[in-house]
Amino acid sequence: MRYLVLTGIILIMLPLILLCLYRLPFVHPISTLMVKDLVTFSGYDRQWVSIDDISPTLVNSVMMSEDAKFCSHSGVDWDALNSVVSDTIDGEQTRGASTIPMQTAKNLFLWNSRSFIRKGLEVPLAVMTDLILPKRRLMEVYLNIAEWGPGIYGIEAAAQHHFKTSAAKLSARQAAYLAVTLPNPIMRNPAKPGRGLQMLARVNERRARAAGAYVGCVG
């Protein structure tokens with residue numbers, strides 16, 4: 001029992017300690033998927049880039065696509081999450097309720113497969129992540145660990161791989177394609193978008209252009 005309690009304390013304290021470390025601008029976190037690629041000798045491409053060197057249009061596009069309430073919630077969009085839980089209980093088809101802090105916490109500390117256990121761990125970790133990391137730093141970390149294709153992590157590697165340009169020079173349309181790729185980066189290719197992806201990108205581009213105060217916390 002003593003060892004179980006000690007293990008529990010370590011599992012709780014480790015993310016807390018790492019998140020405090022990740023506040024430092026010269027620390028460049030890696031995701032659990034990147035660790036897996038290293039352990040399996042698959043290798044990956046990730047080039048850390050400051051949020052100052054990322055196109056603001058890309059930041060707006062990702063926020064509008066993944067988490068439009070990023071600046072106003074504290075890690076979890078409780079209304080959306082409650083709606084998903086209710087739909088699941090009623091046996092209805094559910095929509096995503098994952099916020100950028102939730103995705104960041106998952107990428108940093110958890111595994112990728114869907115399960116209620118993972119989601120149960122993801123929620124408190126997201127609240128902790130949002131509490132410790134300033135919004136601007138949180139977005140910077142997310143954009144540098146998000147997966148944009150097999151072995152492609154972070155926006156700089158994604159921009160170079162898919163569009164042969166830097167994260168700073170992405171056009172509005174390129175930013176929109178990259179943003180709408182995030183929900184399924186293995187199946188979606190922003191450089192070769194199908195009709196459905198093109199439609200999503202056009203909607204995203206309009207929303208990013210009109211984002212206004214929604215993105216003020218990372219300005």
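The chain exposes about 11800 Å², and carbon and sulfur atoms supply 61% of that area. The model described here is predicted. Its secondary structure consists of ten helices and zero strands, and one stretch of the surface forms a nonpolar patch of about 820 Å².

**Fold and dimensions**
- Along the sequence, the elements follow the pattern α-α-α-α-α-α-α-α-α-α.
- The radius of gyration of the chain is 17 Å, close to the 17 Å that the globule rule gives for 219 residues, so the chain is as compact as a globular protein of that length.
- Taken along the principal axes, the box filled by the C-alpha atoms of the chain is roughly 55 × 45 × 35 Å.

**Burial and contacts**
- Of the 219 residues of the chain, 47% count as buried.
- Among the contacts in the chain with a separation of 6 or more, 68% are accounted for by residues 24 or more positions apart.

**Nonpolar surface patch**
- The patch of about 820 Å² is made by Met1, Leu4, Val5, Ile9, Ile12, Met13, Leu16 and Ile17.
- Val5, one of these patch residues, is found in helix α1, which covers residues 2-22.
- The relative accessibility of Val5 is 46%, so Val5 counts as partly exposed, a class that lies between buried, under 20%, and exposed, over 50%.

Notes:
Residues numbered from 1 in each chain as written. Predicted model: local features only at pLDDT ≥ 70, side-chain atom pairs only at ≥ 80, totals over all residues. Heavy atoms only, no water. Patch = residues over 30% accessible without salt bridge, like charges linked within 9 Å, V, L, I, M, F, W, Y side chains within 5 Å. Areas by Shrake-Rupley, 256 points an atom, 1.4 Å probe, with all protein chains shown as cover. Salt bridge = Lys/Arg side-chain N within 4 Å of Asp/Glu carboxyl O. Helix = DSSP H or I, 4+ residues; strand = E, 2+ residues; numbered from the N terminus. Buried < 20%, exposed > 50% of the residue type's maximum accessible area, 1.4 Å probe, protein only. Rg over C-alpha atoms; globule rule 2.2 N^0.38 Å. Contact = heavy atoms within 4.5 Å.
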